[in-house]
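Dear colleague,

Please find below the structure that I am handing over to you.

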Amino acid sequence: MKAGRPSWVSEDTDELCAAIVHLDNIAETRAFLRDLLTEREMNELANRWKIARMLYAKLRWDRIEKLTGVSSATIAKVRRQIQEGEKGYDLMFKKLTKKT
């Protein structure tokens, strides 16, 4: 993680994260996120997660573009977060790998 407190971290974002942690299953999480996000925002998040999974699987960018319909700029943003972000993608992939 980066040194110091990121500008997006606040009491509000901490409360949002705490609420998500309390969800028990996919159905609860889906319902909460759908109420919180617009349909477009939900689809954008799902696409980012799909792109991240494809990048971790070492798919080529042109293949990701073809399979998802997203631009190379979007793929680059996800890759940048994987490389330079809070390491949340790495954490989630490690957790998911342990479950399989």
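**Findings**

Leu55 has a relative accessibility of 15% and therefore counts as buried, the limit for that class being under 20%. Please note that the model is a predicted one. Leu55 belongs to helix α3. Between the C-alpha atoms of Leu55 and Val78 the distance in space is 8.7 Å, while 23 residues separate the two in sequence.

**Aromatic pairs**

A pair of aromatic rings is described by how far apart the centres are and by the angle of the planes. Three aromatic pairs are present in the structure. One of them joins Trp49 and Phe93: the ring centres are 5.0 Å apart and the planes lie at 20°, so this pair is stacked, since planes under 30 degrees apart count as such. Trp49 is located in helix α3, which covers residues 39–56, and Phe93 in helix α6, which covers residues 88–99.

Phe93 is buried, at 15% relative accessibility, whereas Trp49 is partly exposed, with a relative accessible area of 27%.

Phe93 also pairs with Tyr56; here the centre-to-centre distance is 3.9 Å and the angle between the planes is 35°, and the pair is tilted. Because Tyr56 is in helix α3 and Phe93 is in helix α6, this pair ties together parts that lie 37 residues apart in sequence. Tyr56 counts as partly exposed, its relative accessibility being 29%.

Which residues make up the aromatic cluster? Trp49, Tyr56, Tyr89 and Phe93 form one such cluster.

**Charged surface**

A further finding concerns charge. Glu11, Asp12, Asp14 and Glu15 together form a negative surface patch. Within this group, Asp14 is placed in helix α1, which comprises residues 11–21. The relative accessibility of Asp14 is 44%, so Asp14 counts as partly exposed, the class between the 20% limit for buried and the 50% limit for exposed.

The negative patch includes Asp14, a residue of helix α1.

With kind regards

Terms used:
Residues are numbered from 1 along each chain as its sequence is written. This is a predicted model: local features need pLDDT of at least 70, side-chain atom pairs count only at pLDDT 80 or more; totals for chains, interfaces and linings use all residues. Side-chain values use heavy atoms; hydrogens and water are left out. Rings of Phe, Tyr and Trp (its six-membered ring) pair if their centres lie within 6.5 Å; planes under 30 degrees apart count as stacked, over 60 as edge-to-face and the rest as tilted. Helices (H or I, at least four residues) and strands (E, at least two) are DSSP runs, numbered from the N terminus. Buried means under 20% relative accessible area, exposed over 50%, partly exposed in between (1.4 Å probe, protein chains only). Patches are made of residues with over 30% relative accessible area and no salt bridge: like charges are joined within 9 Å, nonpolar side chains (Val, Leu, Ile, Met, Phe, Trp, Tyr) within 5 Å. Accessible areas come from the Shrake-Rupley method with a 1.4 Å probe; for residues, only the protein chains shown count as cover. A salt bridge is a side-chain nitrogen of Lys or Arg within 4 Å of a carboxyl oxygen of Asp or Glu. Lys and Arg count as positive and Asp and Glu as negative; His and the chain ends are not counted. The place of a charge is taken as NZ of Lys, CZ of Arg, CG of Asp or CD of Glu.
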